[in-house]
Amino acid sequence: MFLGPSNTAGKVEDAFLFIVVCCVVLLTLVTVTMIVFLIKYNRDRHARPERVKENVALEIAWTVIPTILVLFMFYFGWVDFDYIRNPPKDALAIDVTARQWSWLFEYTNGKQSDVLYVPLGKPVKLVLTSADVIHSLFIPAFRIKEDCVPGMKTHLWFTADETGSYDLFCTEYCGLGHSHMRSKVNVVSAENFARWLNTPEGKTPADLGPKILQAKGCLGCHSLDGSAKIGPTFKSLMGRRETVIAAGAEKEVTVDAAYIQKHILEPQAATVKGYPPIMPKIPMTDSELKTITVYLEALK
């Protein structure tokens, strides 16, 4: 039995290996039989063809045996599928929102993160949806994948059996920033998870700014450290001179609080030169806009 970092990994691997072994055995039998027939019944040994009569027993065997084999494959696949699709009632529910091009994980106490934190040995149910187009959440190490569909809730579940950090990807092409739509699953002990989950959030712009940018999906296109993404980096943004395209004409502007707030509420009014005009309108309250501008000012 395959022992992986999650219960689902073991289920998928066992069914997969059973099917692969059956296929390898059948391929070997067919290949060996072909080689034997090529040698035993070649033209040099049998210049004159002989009449071959039917063999009822052989025909029954090569019909019944593959049928039984396929039924076994179906049985193992169905049992594992049924197990993977039905989470236990005590599973920890985490809401997952996919959007171009970031992930948002929200816990029952309201805490949000762009990285999935889960406790070791506890069943976790991910309730998935999308804010824009179809995405697909894939955790390769756990062998699980499920689509995130706008206006619809889907789900998957797992129990992490080993602590560590595991990759999480979007596997449904969702636009220019698809390759950047990556995150992590951090599996920690139950004690560390409870500590992380119940640690209160800060109340200053320095604490709330990144949280708001994360929650609104801004960090899927813009970085905080100067690295290149689909949109301009937020690092040293305030006070920077930018060439923008508005109404088909180019002009230079100095980025300030008013520019930031207008661009968030009316992103198509002006587009920074060199970047695609794909930013959607981001709904924000006046308080959130003010917090973001204060935070970006500090990034200078």
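Reader: Which residues of helix α4 are buried?
Author: In this predicted model, helix α4 covers residues 205–215, and its buried residues are G209, I212, L213, Q214 and A215. Each counts as buried because its relative accessible area is under 20%.

Reader: What covers the buried residues of α4?
Author: The cover includes the strands β1 (92–99), β2 (102–106) and β3 (112–113). Helix α6 is also part of the cover.

Reader: What is the phi of G217, which follows α4?
Author: The phi of G217 is positive, near 85 degrees.

Reader: Why is S102 called buried?
Author: The cut-off is under 20% relative accessible area. S102 has 10% relative accessibility, so S102 counts as buried. S102 lies in strand β2.

Reader: What is S102 in contact with, leaving aside its neighbours within four places in sequence?
Author: S102 is in contact with T97, M181, G217 and G220. Contact here requires heavy atoms within 4.5 Å. G217 is also the residue with positive phi that follows α4.

Reader: What is the hand of the crossing of α5 and α6?
Author: The crossing is right-handed.

Reader: Which residues of α5 and α6 meet?
Author: From α5 come A257, I260, Q261, I264 and L265. From α6 come L289, K290, T293 and L296. The residues of this contact divide into six nonpolar, two polar and one charged.

Reader: What makes K290 the charged one?
Author: K290 is among the contact residues of α6. Lys counts as charged, so K290 falls in that class.

Reader: How does the radius of gyration of the protein stand against that of a compact globule of 300 residues?
Author: The protein has 28 Å, whereas such a globule would have a radius of gyration near 19 Å. Along its principal axes, the C-alpha trace spans about 90 × 50 × 30 Å.

Reader: How many helices and strands does the protein have, and what share of its residues is buried?
Author: The protein has six helices and 13 strands. Of its 300 residues, 36% count as buried.

Reader: What share of the contacts with a separation of 6 or more joins residues 24 or more positions apart?
Author: That share is 62%.

How values were computed:
Residues numbered from 1 in each chain as written. Predicted model: local features only at pLDDT ≥ 70, side-chain atom pairs only at ≥ 80, totals over all residues. Heavy atoms only, no water. Left-handed = near helix turned anticlockwise from the far one by under 90°. Helix = DSSP H or I, 4+ residues; strand = E, 2+ residues; numbered from the N terminus. Rg over C-alpha atoms; globule rule 2.2 N^0.38 Å. Buried < 20%, exposed > 50% of the residue type's maximum accessible area, 1.4 Å probe, protein only.
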